[in-house]
Structures are given as C-alpha cells and as structure tokens.
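Biologist: Please take a close look at one residue in this model and at the part of the fold around it, giving the cut-offs behind each term as you go.

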Amino acid sequence: MFAVRILSSSERISRVLAALVLLVLAGQCSELKVRVRLSDGQITEESLEADSERDYISLEFKQGDGTLITFIADIRQDVKVFRSLILGELERGQSQYQALCFITRLDHNEIIPSESMAKLRQKNPRAIRTAEEERGLEQMTMNVAVNFSKASQLSGHIHNVCAEAQEAIYTREADVKYWLERGVDGSMFEILPQAVDFPALQGCQSSTDLWRPCTCSYSLKLEWYPCLLKYCRSRDATGKMTPYKCGIKSCRKGYQFEYFVPQKLLCLWDEET
C-alpha cells in the first residue's frame with residue numbers, strides 16, 4: 001500500500017498514518033526504490049522519480065534478459081516516452097546494445113499526479129510488490145519517425161532519454177496530428193514507408209533475409225506503477241462526510257509497438273522460436 005499525506009485535519013492524518021505501508025514526507029522531488037516481481041517470476045528493482053515542480057514522473061528497471069526500460073510521463077506536456085536499451089548479439093554483428101524510443105500522447109488518467117508521487121515513501125523497502133490492477137496490452141502502430149534534434153519541442157526529457165536512440169525514435173500519426181494542432185514544428189516528423197511502398201513487406205518474424213526491410217514488433221511491460229489515487233471518507237467538524245486521499249492503486253500494463261525497419265538485422269528479437 002502507498003498513501004499520500006493530507007494536512008487538512010489531525011483526524012485524517014492519524015487515520016492515514018495508522019494504515020500506511022509507505023510513510024509520506026513533503027518535498028517537490030523524490031526517488032523511490034520498489035522491488036517488483038516480473039511476469040517471468042524474477043525480481044527486479046524499479047527506480048521511480050517524481051518532480052512536482054517540473055511535473056514529471058520517471059520509472060526505470062531491468063528486465064530479466066538485461067534490457068533496461070525507462071518510462072517518462074511528462075505530465076505538463078501530455079507526453080510519455082518509452083526507451084529500451086536492448087543488449088546486442090555480438091556474434092551476429094550487433095553493437096553492445098540497441099536503443100529504441102517510442103513517444104506517444106499521455107492521457108490524464110494513466111498515472112497519478114507528480115505532486116502525489118513526490119510524497120511517497122516506503123515503510124518496508126524489502127517487500128516484493130505486484131500490481132493490483134491489470135490494464136492489458138495496448139498495440140500501437142508507430143508509423144512516424146521523429147527527428148531527435150527537434151524533439152525537445154515535444155518534451156525536454158527526450159534530449160536526455162533518447163540520446164542513444166537518435167535514429168530509432170518513433171511515434172504515431174494520430175499523436176502527430178494532435179501535436180501539430182498545438183503548434184509544434186511539423187518538420188520533425190517523417191512518415192515511415194508503408195506496405196504500399198514495399199509490396200513484399202512482411203513481418204520481421206517471418207522474414208529470412210537479414211538485409212530486407214520488414215515490420216518489426218517490440219513489446220515491453222510496465223510491471224508496477226502508481227496509476228490511481230485512492231480516496232477514503234471521514235466526518236469533518238460539522239459531521240459531514242468528506243473524501244480525502246489515503247493511498248494509491250498500482251497497475252501493470254503492456255505495450256506492443258510495430259514499426260518499419262530498413263533491415264531485419266535491427267529486429268533480431270522478433271524471430272520465430
């Protein structure tokens with residue numbers, strides 16, 4: 001359990017503190033370490049950071065295969081960023097790691113406010129967490145490439161998070177339309193080749209030619225993140241029942257990204273087994 005401290009009345013404070021699994025301290029910026037059980041049963045440590053002044057939340061952890069996943073929710077800009085640093089297969093000519101960045105629009109109900117996240121503290125840091133709610137799998141067709149040098153218009157975090165993935169930053173046409181309506185520079189976007197441009201284009205999983213273009217599929221899962229605030233009720237001085245924040249709900253959500261690559265060599269994980 002996680003909870004948020006409310007300073008409106010001493011009664012509410014005592015009730016919240018009595019039930020907390022996490023203690024809550026004031027502050028604009030904080031970092032939280034959480035032990036999480038992955039889908040394959042392995043245990044990883046997630047690092048969560050929140051800054052209420054800059055209005056963002058970040059999450060980072062390693063998967064069982066060593067892939068480093070970073071997630072940024074830029075709440076002020078309504079942008080979320082996923083970055084994967086995937087260990088390369090040296091025997092197949094890959095470098096030490098391969099970096100990917102996926103950028104999409106952030107919906108307001110996806111994660112708790114940054115000021116609430118910045119106040120969370122753990123009482124039992126050795127506890128192994130599992131998400132309370134499963135939010136399923138979201139499939140996304142990432143058919144637009146993003147120019148790294150101009151992407152800071154979308155979010156200032158992209159410059160740091162996606163620096164290793166400058167040639168592999170993707171988004172969706174629907175999100176591009178939204179951002180163009182908000183006045184961003186359209187020259188940062190480039191529509192990727194479609195099946196109509198390559199009649200023989202197929203999924204990388206079924207392609208046997210490492211040098212042919214194909215459609216790559218990449219999946220990741222946020223195993224544990226604070227997605228909703230919980231509210232309790234108490235009586236005020238007049239006897240009226242009033243709600244107050246008394247905790248958080250944790251969620252798990254999967255994402256599957258599909259995008260064009262000029263050669264299968266850039267998508268070796270997407271193979272038949």
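Modeller: Glu258 is partly exposed, with a relative accessible area of 33%, a class that lies between buried (under 20%) and exposed (over 50%), computed with a 1.4 Å probe on protein chains only. The model is predicted, so local features need pLDDT of at least 70 and side-chain atom pairs count only at pLDDT 80 or more, whereas totals for chains, interfaces and linings use all residues. Residues are numbered from 1 along each chain as its sequence is written, and side-chain values use heavy atoms, with hydrogens and water left out.

Glu258 belongs to strand β13, which spans residues 241-261; strands here are DSSP runs of E with at least two residues, numbered from the N terminus. Leaving aside residues up to four places away in sequence, Glu258 touches Met140, Thr141, Met142, Thr215, Cys216 and Ser217, where contact means heavy atoms within 4.5 Å. Its C-alpha atom is separated by 6.5 Å from that of Tyr218, 40 residues apart along the chain.

β12 and β13 pair in the antiparallel sense over 19 bridges, and Lys230 stands opposite Gly247 in β13.

Definitions and conventions
Helix = DSSP H or I, 4+ residues; strand = E, 2+ residues; numbered from the N terminus. Pairing = 2+ DSSP bridges.
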